[in-house]
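Take a look at the chain below. Then read on for a short tour.

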Amino acid sequence: MSGVDGGKGQVIQRTAEAADELYRVRDTYFPKEPDEKISKLQSLADAALCLLDSLPPEERESPSQRASYEFLRGKILDVFPDYRKEAEDHLSKAVKLNPSLADAWLSLGNCIWKKGDLSSAKNCFSLALSKSPNKKILCQLSMLERRMAQGTENQEQLVEESIRHAREAVALDIKDGNSWYNLGNACLTSFFVTGAWDHSKLHQSLKAYQNAEKDELMASSPDLFFNSATANKYLENYNRALRGFEAASLKDPGLKADEEVQKIINLLEKLESSIKGHFKAKRLASLASSLGDINFSINALAEGLNKAVAVVAKILLFIKHESIAPLYYLACDSDQTCFILSVYGLHSDAVKEGDRVTLLEPCHRNIDFSWKEKHYQFKSIRVDFIQQILVNGKGPAPQHTIRSSIHAQHKA
């Protein structure tokens, strides 16, 4: 058999390999200047298209051959972040010629997604899955459902569907890092859309990210490090969050993860300075005495969740910071021990300076670590559920509960 570089049939195979390399560069190459990436992708795409065009006409005659040709041309054209009608046209031809070509349905769904037609994109993914189970398509469907959930009344239901499809992808290949990463993102998004208080979602997210990191192919993913750091930030694992954001920044400066590092440092500086200053001993003693004969102190708490225990404290100061959630307060107990109180799921009007708060089954952390030659140390109690806090002896009013409008970033 004769032909381009050794015979018929090889052009399609070599073009497919060139397309795979094109997408590998898209997913792993993160120069400081975004234009450099577009330029490199354009160069590789032009070479791949040139190779595809060397396909002899007689190898484009049957419907299956023509479908493969149209699929590869559309896939190559669709590697760029912007929507391209030419790519959609070729991919549409491919699925018409060969409706069982799952990869073409996947690429078509991704292409249509870019122009904002989310329901049609979902139809493409669903049609592909009707042919056979496919982890890549399940991951894309899961991601699309999270995108469709934003701003809708049934967002919790859509995110739960996203988690279900993410788990199905993992079940198909438990060693696939991208599937684990997608599951982590689904759980992280669920944390936000359900009110940013259910920290079990964050723990599920981190576990999935840790499994994703075991796959060498995910080692170059800055988004994995960024979103894992985000989960750690809300779990108040500040040291891990700082290290994760720094790693993401080094891998892809375009993520601006260094800004997240600075936000955490700014927050830690505020929290620590609140602990160290503002209240003289006499004033602190007066405030603590107003709590009466309550003797249980934060110093008696174990690290983590303390069941069947309550701490009563006085709110000394509301600490303003850059993020939406949680709310941070400086508080002191009857022992005059000051600590940071972080509260999720409540409006800032719910707890005010001077209020007496009862913290039920408190989650206690002793923050103690160094970062860039700076040492941070303070005690913290986190309130995840509104049922964990009483304000002046009463539960928070319904109008004080909120759902934080935060979303996981970067392909979450």
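## The whole protein

The model is predicted. The protein has 14 helices and eight strands. Its C-alpha trace spans about 95 × 45 × 30 Å along the principal axes. Of its 412 residues, 50% are buried.

Count the contacts between residues at least 6 apart in sequence: 63% of them join residues at least 24 apart. The exposed surface comes to about 19500 Å². Carbon and sulfur atoms supply 50% of that surface.

## Helix H10

Helix H10 covers residues 199–213. Its 15 residues reach 21 Å from first C-alpha to last, close to the 21 Å expected. Its buried residues include Leu202, Leu206, Ala208 and Tyr209. Lys201 is buried as well. Among the elements covering the buried residues of H10 are helices H8, H9 and H11.

## Charges and salt bridges

The protein holds 53 positive and 54 negative charges, and their mean positions are 3 Å apart. There are 22 salt bridges.

One of them joins Arg24 and Glu21 at 2.9 Å, N to O. These two sit three residues apart in helix H1, so about one helical turn separates them. Arg24 is partly exposed, at 44%. Glu21 is partly exposed too, at 33%.

Another salt bridge pairs Glu160 with Lys201 at 3.6 Å, N to O. This pair links distant parts of the chain: Glu160 lies in helix H8 and Lys201 in helix H10, 41 residues apart. Glu160 is partly exposed at 39% relative accessibility, whereas Lys201 is buried at 13%. Elsewhere, salt bridges with shared partners join Lys122, Glu145 and Glu161 into one network.

Conventions
Residues are numbered from 1 along each chain as its sequence is written. This is a predicted model: local features need pLDDT of at least 70, side-chain atom pairs count only at pLDDT 80 or more; totals for chains, interfaces and linings use all residues. Side-chain values use heavy atoms; hydrogens and water are left out. Helices (H or I, at least four residues) and strands (E, at least two) are DSSP runs, numbered from the N terminus. Buried means under 20% relative accessible area, exposed over 50%, partly exposed in between (1.4 Å probe, protein chains only). Contact means heavy atoms within 4.5 Å. Accessible areas come from the Shrake-Rupley method with a 1.4 Å probe; for residues, only the protein chains shown count as cover. Lys and Arg count as positive and Asp and Glu as negative; His and the chain ends are not counted. The place of a charge is taken as NZ of Lys, CZ of Arg, CG of Asp or CD of Glu. The expected span of a helix is 1.5 Å times one less than its number of residues. A salt bridge is a side-chain nitrogen of Lys or Arg within 4 Å of a carboxyl oxygen of Asp or Glu.
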